[in-house]
Amino acid sequence: MVLVLFVLMLPSVTFATEPIKIGMVTTLSTKAGYLGEDVRDGFKLAIDQEGGMLGGIPVELLVEDDGRDPGKAKQIADRFVKRDNVKIMTGIIFSNVALAVVPKVVRKDILYISPNAGPSDLAGKGCHENYFNVAYQNDNLDEVVGQYVNDVGFKNIYLLAPNYPAGKDHLAGFKRYYKGNISGEVYTKLGQSDYAAEIAALRAAKPDAVFFFLPGGMGINFIKQYSQAGLNETIPVFGPAFSFDERLLGAVGAAALGARNGSHWTHDLDNPANKKFVADYRAAYGRTPTLYASQGYDAARLIGSALKSVGGDINKFDQLRAAIKKADFDSVRGDFSFTSNQHPVQNIYIREVVEDGKGGYTNQTIKEVFTGHGNAYVDDCKM
């Protein structure tokens, strides 16, 4: 009896005795590999800050490289589910990969928290109660640029993006808010490295400006070739933050100077969570975080808030999902909540590429354009 009473009087303890396994399928190879590296490193930083835990619950992060290959990503996801009994997954960078993996995964009572890809199909008719995007809906960072170029008076824009779901979403987002003339709309091969033909056609079109979405190595090659053609001196470029992330700027240098881009996050946002994240990330990895790193970090912090709410008992699946939707964590972006189709409500800004005072280049926030911005597909989601 004394032993029973002693046990009953102990403080409440978490349910989890073994670390909760979180499966991360992400892109770590190809010329876009640094995108996945940054998502992974941001996520790991949140775990390291808590000494191997999220929300006070021990976790084990399982990471595998999808090589930007939808088929390979599906195989990895299946392994995580069948071999490792994973109930929470994250990590996918590219929308075509997400569309191959996410619908099947969420039907198996697995929570998928996207730290990047936000295709319109998963925000609209393909939405699901087990799918959350903590980053953005693909169109968002283009919508803000469309609004901005209208506001500052550009009337004739040339559009360029890769021919895959995210490329089409990004240009659709720009066109949703831009009201001027479109002098050209070109879709390139995903992973393309030579843009000579596209740049020649662009020059002949004589636009006021160019809007492009080319993340990772594609953006590096395009910006360099655009500058080499001398067009950066006469036709300004705009794009979403993916075309001007911190690591991309390290590769292209002065060729991107002065370019303005749309983003939901920058390292200079003035809030306590962001200041701590940026300082700790620089200390851990020796570089300034990109938006991909910030999204990985927020994904981890969101998951941690939900694990804490259920005491690490992932068998309380409905409660865990409800806690994810509540979004009770301090985002590096400041105010953050979910729309009814489980994508962010957040502020979105215009940034400018500037010299960082150390011989390099960085982004500086210059204007908040959208406050509490959601997405265009809420009404198409019938959850």
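Start by selecting H128 and its surroundings. H128 touches V106, R107, Q342 and M383, leaving aside residues up to four places away in sequence; contact means heavy atoms within 4.5 Å. H128 sits in the loop between α5 and β6. Helices (H or I, at least four residues) and strands (E, at least two) are DSSP runs, numbered from the N terminus. At 23% relative accessibility, H128 counts as partly exposed. The scale is this: buried is under 20% relative accessible area, exposed is over 50%, and partly exposed lies in between (1.4 Å probe, protein chains only).

Before moving on, note that this is a predicted model: local features need pLDDT of at least 70, side-chain atom pairs count only at pLDDT 80 or more, and totals for chains, interfaces and linings use all residues. Residues are numbered from 1 along each chain as its sequence is written, and side-chain values use heavy atoms, with hydrogens and water left out.

The C-alpha atoms of H128 and G262 are separated by 28 Å, and the two residues lie 134 apart along the chain.

Next, select C127 and C381. They form a disulfide with sulfur atoms 2.1 Å apart; the term requires a pair of cysteine sulfur atoms within 2.5 Å. The pair links distant parts of the chain, 254 residues apart: C127 is in the loop between α5 (120-123) and β6 (131-133), C381 in the segment after β14 (361-373). The link is right-handed, with 95° about the S-S bond. Both C127 and C381 are buried.

Move to the sheet. Six strands form an open sheet in the order β2-β3-β1-β4-β5-β6, with mixed pairing; two strands pair if DSSP finds at least two bridges between them. The edge strands, β2 (53-54) and β6, each pair on one side only. Zoom in on β1 (residues 20-26) and β3 (residues 57-65): they run parallel, joined by seven bridges. M24 stands opposite V63 in β3. Helix α13 (residues 317-326) packs on the sheet and touches β4 (88-90), β5 (111-114) and β6; its direction makes about 15° with that of β5.

Last stop: helices α2 (residues 33-49) and α11 (residues 272-285). Their axes come within 10 Å and cross at roughly 105°. Axes are lines fitted to C-alpha atoms, for helices over the stretch in contact, and angles run from 0 to 180 degrees between N-to-C directions. That makes α2 roughly perpendicular to α11, a label for angles of 65 to 115 degrees. Select D38, D41, G42, K44, L45 and Q49 in α2; they meet K276, F277, D280, Y281, A284 and Y285 in α11.

Key:
Parallel < 35°, antiparallel > 145°, perpendicular 65-115°, else oblique.
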